[in-house]
Amino acid sequence: MKKQICFWVIMILMSSSTWACPVCERNQPKLLRGWTHGAGPDGGFDYFIVIAMVIIALISLILTLRWIIKPGEKNSHHIKRYILNQEGYESEK
């Protein structure tokens, strides 16, 4: 329990340093104010790139979780069976 509390305290402290400072907040577009440091997007194409990147990342996250949770492989000779049953390739010989 103590390790979990320390972990979350460190994570909160680290994340607070990523919020925008007052100067960056003033220079950011309204949509991104207070979220990041540095210059904001210069035009509409920058927003398109960010939105496309977020969509691709979400699709890959969803598909990864889906295939980890429910892989759907039913073949008895699949490699995962060797690992799950703790058998080796020598057992087939």
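Two residues are said to be in contact when heavy atoms of theirs lie within 4.5 Å. In the predicted model described here, this criterion applies to glutamine 28, which, apart from its neighbours within four places in sequence, is in contact with Arg33, Thr36, His37, Gly38, Ala39 and Gly40.

The chain as a whole contains four helices and zero strands, and its elements follow one another in the pattern α-α-α-α along the sequence. Among contacts with a separation of 6 or more, residues 24 or more positions apart account for 0%. Of the 93 residues in the chain, 5% are buried. The accessible surface amounts to about 8600 Å², and carbon and sulfur atoms contribute 70% of that area.

The average pLDDT is 77, and 84% of the residues reach a score of at least 70. Helix H3 has the highest confidence, at a mean of 91, whereas the lowest is found in helix H2 (residues 22-27), at a mean of 74.

The loop between H2 and H3 includes glutamine 28. The relative accessibility of glutamine 28 is 2%; because buried residues are those under 20% relative accessible area, glutamine 28 counts as buried. Proline 41 stands 13 residues away from glutamine 28 along the chain, and the C-alpha atoms of the two are separated by 8.3 Å.

Glycine 38 is located in the loop between H2 and H3 as well. With residues up to four places away in sequence not counted, glycine 38 touches Cys24 and Gln28. Glycine 38 and glutamine 28 are ten residues apart along the chain, with a distance of 7.9 Å between their C-alpha atoms. The relative accessible area of glycine 38 is 33%; this value lies between the limits of 20% for buried and 50% for exposed residues, and glycine 38 is therefore classed as partly exposed.

A further feature of the surface involves helix H3, which spans residues 44-69. A nonpolar patch of about 900 Å² is formed by Val50, Met53, Val54, Leu58, Leu61, Ile62, Leu65, Ile68 and Ile69. One of these residues, leucine 61, has its place in helix H3. Leucine 61 has a relative accessible area of 46%, so this residue is also partly exposed.

Notes: Residues numbered from 1 in each chain as written. Predicted model: local features only at pLDDT ≥ 70, side-chain atom pairs only at ≥ 80, totals over all residues. Heavy atoms only, no water. Helix = DSSP H or I, 4+ residues; strand = E, 2+ residues; numbered from the N terminus. Buried < 20%, exposed > 50% of the residue type's maximum accessible area, 1.4 Å probe, protein only. Areas by Shrake-Rupley, 256 points an atom, 1.4 Å probe, with all protein chains shown as cover. Patch = residues over 30% accessible without salt bridge, like charges linked within 9 Å, V, L, I, M, F, W, Y side chains within 5 Å. Salt bridge = Lys/Arg side-chain N within 4 Å of Asp/Glu carboxyl O. pLDDT = per-residue confidence, 0-100.
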